[in-house]
Amino acid sequence: MFGVDQVKALNDLEMLVYGYVMEYPEKVRYMRIRELASEAHVSTSTILRFCKKMGCGGYTEFKLQLKEHLEHRGQVRIKDDISEVIDFLQKTCSDAFENKLEMLAEVIFNADHVFLAGSGMSGIVAKYGARYFSSMGKFCLYIDEPHYPTESRFLEHSLVIVFSVSGESRDTIGHVTRFKEQGCIILSITNTENCTIAKLSDYNIPYYVTYMRLKDYDVTTQIPAISIVERLGKKLYQYTSKGPGPI
C-alpha cells in the first residue's frame, strides 16, 4: 500500500503514524482520527499531512484505501522483481558505503561484547549474523525473543546490532531502549533511516526496498540485510585475523 518514495518523504512525526498503521492496520481501519492521533502520539494535523503524502485527500479516503487493501491483500500477487535488490547492491559499491562498512567493522571489533537482535524474519537474520561474525573470529550472541531479559551489568561496553524492516516494532524498540539505558552502543540495520529504531541508534544502515506483506506476514526481502551482514563480517575478519588492511 505504501511506496518507498512515499515513506522516504515522511518526517519523524509522520513516521510514527506510519509505524502504527503498519503494526495495527486492522485496528486503524475502524479508528476515528482523534483516536489514531492519541495512539500514535501525534496531532490530527500530522495525520492529515500523512494522508496527503500517501496520495489521499483526507483521513476518510485513507481509511477507505486501507480497508480495500486489507480486503484484497490475500489476493495480492507477490512480484518476483529483483531490480530494487540490484539497485541496492550497486549503491554499496560506492566509496562512501565502503568507508562506512570499514568504520563499523572496527566498531564491532572493539566492542567487549556483541549482541544481534531482531524479531520474526529479522530475528532469523540476527541469528545468521551472530553465527557469521563468530565464524569470522568475533564471538557474538543473538536475541530473537521480544521479552528476553536484558538487564545485566554484563552488557556494559557492549554493541547491539538491531535488525528491523519497519524500524517501528514495539518489542524491538523496547529492547533498544533497555540496551541504551545500560550504556550499549546501538547499530541498526533498517529499511529506512526515518524510523524510531534508526533515530535511537548511534549508527544506522538503511537499504530502502518496497515493503511487502502477505496477509498478516511481512515478506519484505531480507537480501540487503544479509548482504550487509556478510560484508561487515568479511571486513571484520581483517581485524580478527591480521589486523587492519585490505582484504
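Start by selecting glutamate 14: at 1% relative accessibility, this residue counts as buried. Buried means under 20% relative accessible area, exposed means over 50%, and partly exposed is in between, using a 1.4 Å probe and protein chains only.

Before you click on, two notes. You're looking at a predicted model, where local features need pLDDT of at least 70, side-chain atom pairs count only at pLDDT 80 or more, and totals for chains, interfaces and linings use all residues. Residues are numbered from 1 along each chain as its sequence is written, and side-chain values use heavy atoms, with hydrogens and water left out.

**Stop 1: salt bridges**

Lysine 53 is partly exposed, with a relative accessible area of 32%. A salt bridge here is a side-chain nitrogen of Lys or Arg within 4 Å of a carboxyl oxygen of Asp or Glu. Helices (H or I, at least four residues) and strands (E, at least two) are DSSP runs, numbered from the N terminus.

How many salt bridges does the structure hold? There are nine. For another one, select aspartate 12 and lysine 199, whose closest N and O atoms are 3.4 Å apart. Here too the pair links distant parts of the chain, with aspartate 12 in helix H2 (residues 12-23) and lysine 199 in helix H11 (residues 196-200), 187 residues apart. Aspartate 12 is partly exposed at 45%, and lysine 199 is partly exposed at 47%.

Next, pick arginine 32 and glutamate 35, a salt bridge with its closest N and O atoms 3.3 Å apart. Arginine 32 counts as exposed at 58% relative accessibility, while glutamate 35 counts as partly exposed at 32%. Then highlight Glu98, Glu102, Arg231 and Lys235: salt bridges that share partners join them into one network.

**Stop 2: helix H9**

Select residues 121-135, which make up helix H9. The expected span of a helix is 1.5 Å times one less than its number of residues.

Which residues of H9 are buried? They are Ser122, Gly123, Val125, Ala126, Gly129, Ala130, Tyr132 and Phe133. What covers them includes helix H8 (95-110), strand S1 (113-117), strand S2 (141-143), strand S3 (158-164) and H12. Just after H9, click glycine 137, which takes a positive phi of about 105 degrees.

**Stop 3: phenylalanine 154**

Now go to the loop between S2 and S3, where you'll find phenylalanine 154. This residue is partly exposed, with a relative accessible area of 46%. Leaving out residues up to four places away in sequence, phenylalanine 154 touches His113 and Phe115. Contact means heavy atoms within 4.5 Å.

**Stop 4: serine 188**

Buried or exposed: which is serine 188? Serine 188 is buried, with a relative accessible area of 0%. Look for serine 188 in strand S4 (residues 185-190). Among the residues it touches, not counting those up to four places away in sequence, are Val162, Ile197 and Tyr203.

**Last stop: valine 219**

Finish in the loop between strand S7 (217-218) and helix H12 (223-242), where valine 219 lies. Valine 219 counts as partly exposed, at 36% relative accessibility.
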